[in-house]
Amino acid sequence: MIDIAGAVAVEAIDEETRDQPEPAHRAAGVRGVAAHYGDPMREQRTLTTAVGLVDRSHRGVIAVPGEERIGWLHTVTSQHLATLAAGQGTELLVLSPHGHVEQHAMVAEDGETTWLDTEPGATAGLLSYLERMRFFSKVDPRDATADHALLSLVGPEALGALGALGVAGSLAEPDLVAVPGPKFRSGELPPRPTIVYDVQPLAIGGWARRVALGVDLLLPRDAMPQVVDELRGAGVPVAGLWAYEAVRVAARQPRAGVDTDHRTIPAEVGLIAPAVHLDKGCYRGQETVARVHNMGKPPRRLVLLHLDGVTTDQLPTAGTPVTLDGRAVGFVGTAVHHYELGQVALAVVKRNVPDDARLLVGETAAAIDPA
């Protein structure tokens, strides 16, 4: 999609961006993605009110075939995967021994292979972890980014756009299990993934997975041009990554490695509900997850900040400190220009920072959105 008229590559604007293919993937022919196609604000409105097609093919894709893959992934990640069936998707985390978020992946199961897609720049780390945990299990994880890619239909009309790709029927809404309160009874949580995404095959190959923001399309990379042409021919406009990120920030969905740091635990950034099963048994980092949940008070929390945009129109970079009365109380993750909200950012701040605190991000005044 980077060859579509008007496309401006993300790395052409920011050479240091993490939103570009990993070097090994670029060497294998994976190309960059568009920040926008000439009108980022209009593209945002399209994703919010209708539907647009976003190129997210810079994400890493890992294929996990093998007859023991489901049980094996269940034991080495935070999610309950033992009952994951063909036609289902979910999310998972890899945590450090101390419960800090190291990796996040989206999941799609097709009955023969479990597909994981993860943040650009994170593929090698996730694959290395999986390979170290293989031991004698009958699994064969591999980097499939060179031959598979992710596109996303984003917006309230995403399901309607699937008709152009021959998807029969409608994809079910994401099925989320409520997070139990502290010190819940063992067995209270059902033995299934905490969130289940409906996954259906595409006639051209690949799969459609319904998620909170729309529908992800996990495709053979050589099928991308045909899929893009069919969707555009059906009237679906394209939108850049800037628009997608603005929608994601407004929805308060964090990105691992951008809206998290080396100390982040899942409860701080809202990742317990979609990616952590609190009653599945032993996995790396479980003790910290259980202790924090039973206490009911993670030390920090994810918030949406409104930036005044008066001092500067330049957005803060990820990692910029958030200060209160001269003291650092957190850090900024993703910052965007939103077509309705103005300058906003996701940030992780100390739990005791009140919603009405007068914060600073660099020299820019910031306020917490209490909604």
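Predicted model: local features only at pLDDT ≥ 70, side-chain atom pairs only at ≥ 80, totals over all residues.

Trainee: How many aromatic pairs does the structure hold?
Mentor: One. Rings of Phe, Tyr and Trp (its six-membered ring) pair if their centres lie within 6.5 Å.

Trainee: Stacked, edge-to-face or tilted, that Trp115 and Trp207 pair?
Mentor: Tilted, because the planes of Trp115 and Trp207 sit at 40 degrees, with ring centres 5.3 Å apart. Planes under 30 degrees apart count as stacked, over 60 as edge-to-face and the rest as tilted.

Trainee: Which strands do they lie in?
Mentor: Trp115 is in strand S7 (residues 113–118) and Trp207 in strand S12 (residues 207–211), so the pair ties together parts 92 residues apart in sequence. Strands (E, at least two residues) and helices (H or I, at least four) are DSSP runs, numbered from the N terminus.

Trainee: Is Trp115 buried or exposed?
Mentor: Buried, at 6% relative accessible area. Trp207 is buried too, at 16%. Buried means under 20%, exposed over 50%, partly exposed in between (1.4 Å probe, protein chains only).

Trainee: New topic. What is the phi of Phe135?
Mentor: Positive, about 50 degrees, although Phe135 is not a glycine. Phe135 sits in the loop between helix H5 (123–132) and strand S8 (142–143), and is exposed at 64%.

Trainee: And Lys183, what is its phi?
Mentor: About 55 degrees, positive, and Lys183 is not a glycine either. Lys183 is exposed, at 70%.

Key
Residues numbered from 1 in each chain as written. Heavy atoms only, no water.
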